[in-house]
Amino acid sequence: MFRDTKSSWLSTLRHDVPASLVVFLVAVPLSLGIAMASGAPLVAGLIAAVVGGIVAGTLGGSAVQVSGPAAGLSLVVVDLVHTYGWRATCMITLLAGAVQLVLGVFKAARAALAVSPAVVHGMLAAVGVIIALSQLHVVLGGSSQRSAVANLMELPGQIADLHGHKVAVGLLTITVLAVWTRLPQKVKAIPAPLAALLVAAVTAWVFGWDVTRVDLSDSVTEWAFPVLPQGDWHLVVAAVMLVALLAGCESLLCCVAVDGLHGGRRADLDQELTGQGVANMVTGALGGLPVAGVIVRSTANVHAGARTRGSAILHGVWVLVFALGFGWTITLIPMEALAALLVFIGVQMVNLGHVKKVHGHGEVPVYVVTLVAVILLGLAEGVLAGLALAALLALRRLTWVTVLKQGDRGGRLHVTISGSLTFLGVPRLTHELRTIPAGTPVDLDLNIDFMDNAAFEAIHSWRLDHERMGGTVDIDELHDEWYTLAASGARMFPAKSPPVAPDRWWLPWAHRRRPGGRTMSSNGGGAQVECQLTAGAREYHRRTAPLVKPIFTELARKQQPSHLFITCADSRIVPSLITASGPGDLFTVRNIGNLVPRRGSEPHDDSVVAAIEYATQVLGVHTITVCGHSGCGAMAGVLSAGVQAGSLPGLRRWLRHGNHSLATFIETEGDRLHSGALDVLCRVNVQQQLENLRTYRKVDEQVRAGKLQLVGLFFDIATARVHLVPPLRATPSVKTHDRRVLAGEE
């Protein structure tokens, strides 16, 4: 235990202390700027940074997230300060923290993740625009107005009435912030906000510029206990809930984002919300700004190498030491420099990367509506507008019906209906179905996860009308049989059901949901059973042919297989499945026992020889593979000296080509049979067929020249695994390592 404690302390000293200093240098200027944007005493930003670091860092659920005053909350705070005053705003913050604490205790944190990111990004972008517009007036030497629209309208007049020194220090601050990211890495070790404020303060002091200095007259020593807000209690409760929910959502979304930046322990969201609640209660009681997890400081913390919550806690300690011991240095900072920092931060909050993300999911309208509504109407109204639009778009997507129609040369029309079939999609559904010409044979695939009565009536009525006009309709349901159940009068499922895994092409017919190949009868007279192969061909034309048509169009000109694959005719062996190959890859020969008759052997057979000659001399394959399998009936016949072939003369003659395999087996195993003798013979047979291939001169020459490789495979049916079988004699193209590596055998 002592060793673990020592290791923990060493890790903190090595990683967390340096990271905490970096975050501290970032936090001080940002905290002052956010306090200024919030219309609160500047010291309130420092109090929030201290509490966010020490309290939220200690009690929160994330090891590396850093909490403090957040720019996203400044718009709410400035409105509360104007409405209720600063001390009452602190009480609202305290009560909001209590709400967060209760939500965290009752495990409600995950619910915050249900908020559309487009709404959050749109809200933050709008806050950034509002902050930039308001603080731009301060940079230009004036004062900000109450609303973004007023700030925009007053901007031309403010530009016309410039105040030289104040504008100069603001432009200098923005220039340093913009250029700092392009400087060498060693210089960038100093955070850009700190560097910009230092340059602005020093320049203004050296040249004696006439600027407005930061005023810390409202210091911690003049603290007074928060008071209850006066006014309509409904509005007060709404304000408390707004602060609690916005701060909570921002913290939790930041927490999830930070989890993706490091490889340590994942965050406990409920614990994080609880910690944020306690921190907001403390900061409200001490006269600080609302606290939330902030992405800028958290990202800086991770990139600086933080490993534990010690970094966040220490950064709060450094802010406290600075505020008590060196707070006088803050008075040297020009207010215009702080305003310029806020303008820069506000512009950065309009993140084009977020716009690209929401565009990829079709949520740009939500982003834009939230942004515009927050700017024009207010934060709460804008967020509600964004949430409402996001809900409407989600409802539209859930009820959107897709109808795809594709004809074939035989005159049949393949129609696929996808989505959730509800009354909202009936107009589009009926419109698409009525465009189908009368008398057309239709294959209708229902790829749906829900169907209500209105949708069923629409499809059923169309089907009856279409069949009355001489057409045919075959309905195939790819998931639950909603249409079939409704048509039979059975009780429908009470709610949407999860999609059933679709029938895979490699499943045997007996393992599929409708093994009999059932389709809905074209004349409405019940189910009709088709031949399995016919039904399979119809399914291929419906689902697979459109997907593979481009491949076969290219292959139609010429085949260029790279492998000759000789395997058994056993129905359990599927070459494309066990080799993960596709059309055009394998030139395949199948026979009983995967035998290769030796050159000049009796009985004479040219079918396998013809395939070998064509593959090696015309197609130019690089590999010949012989694949055997466990429990081979042909090898059982060879092992019984033809007895098991019974009264099948053709089979007995063919199995004579396996006599060399039997002889090799006897040489290695003796004439005593054991329980695994059959599978041993199956493997030996693969090796012998590779030897038989060498009896053909052209094959042997290509193997010796390294142009052709002979490979033996053995498929164990019971375990569904493929094993590599080494040849009886090594060839230049077969390496020892290759013999071991297959299906994870090495």
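**Helix packing and strand pairing**

Modeller: Helix H7 (residues 164–180) packs against helix H8 (residues 192–207) at an angle of about 145°, and their axes lie 9 Å apart. This is a predicted model, in which local features need pLDDT of at least 70 and side-chain atom pairs count only at pLDDT 80 or more, while totals for chains, interfaces and linings use all residues. Residues are numbered from 1 along each chain as its sequence is written, and side-chain values use heavy atoms, with hydrogens and water left out.

Helices (H or I, at least four residues) and strands (E, at least two) are DSSP runs numbered from the N terminus. Axes are lines fitted to C-alpha atoms, for helices over the stretch in contact, and angles run from 0 to 180 degrees between N-to-C directions.

The crossing of H7 and H8 is right-handed; that is, the near helix is turned clockwise from the far one by less than a right angle. Contact (heavy atoms within 4.5 Å) involves residues of H7 including Val169, Leu172 and Trp180, and residues of H8 including Pro193, Val199 and Thr203. By class, this contact has twelve nonpolar, two polar and no charged residues. Ala, Val, Leu, Ile, Met, Phe, Trp, Tyr, Cys and Pro count as nonpolar, Asp, Glu, Lys and Arg as charged, and the others, Gly among them, as polar.

Turning to the strands, E5 (residues 441–451) has nine of its eleven residues buried, meaning under 20% relative accessible area (1.4 Å probe, protein chains only). Strand E4 (residues 413–421) pairs with E5 in the parallel sense over nine bridges, where pairing requires at least two DSSP bridges. Within this pair, His414 stands opposite Asp443 of E5. E4, helix H17 (residues 426–434) and E5 form a right-handed β-α-β unit: with the strands pointing away from the viewer, the path from the first strand over the helix to the second runs clockwise.

E5 also runs parallel to strand E6 (residues 472–477), joined by six bridges, and Leu446 stands opposite Glu477 in E6. From E5 the chain passes through helix H18 (residues 453–468) to E6 in a right-handed β-α-β crossover.

A further open sheet has five strands in the order E10-E9-E11-E12-E13, with mixed pairing. Strands E10 (586–591) and E13 (721–725) are at the edges with a single partner strand each, so one side of each lacks a neighbour in the sheet.

How values were computed. Buried < 20%, exposed > 50% of the residue type's maximum accessible area, 1.4 Å probe, protein only.
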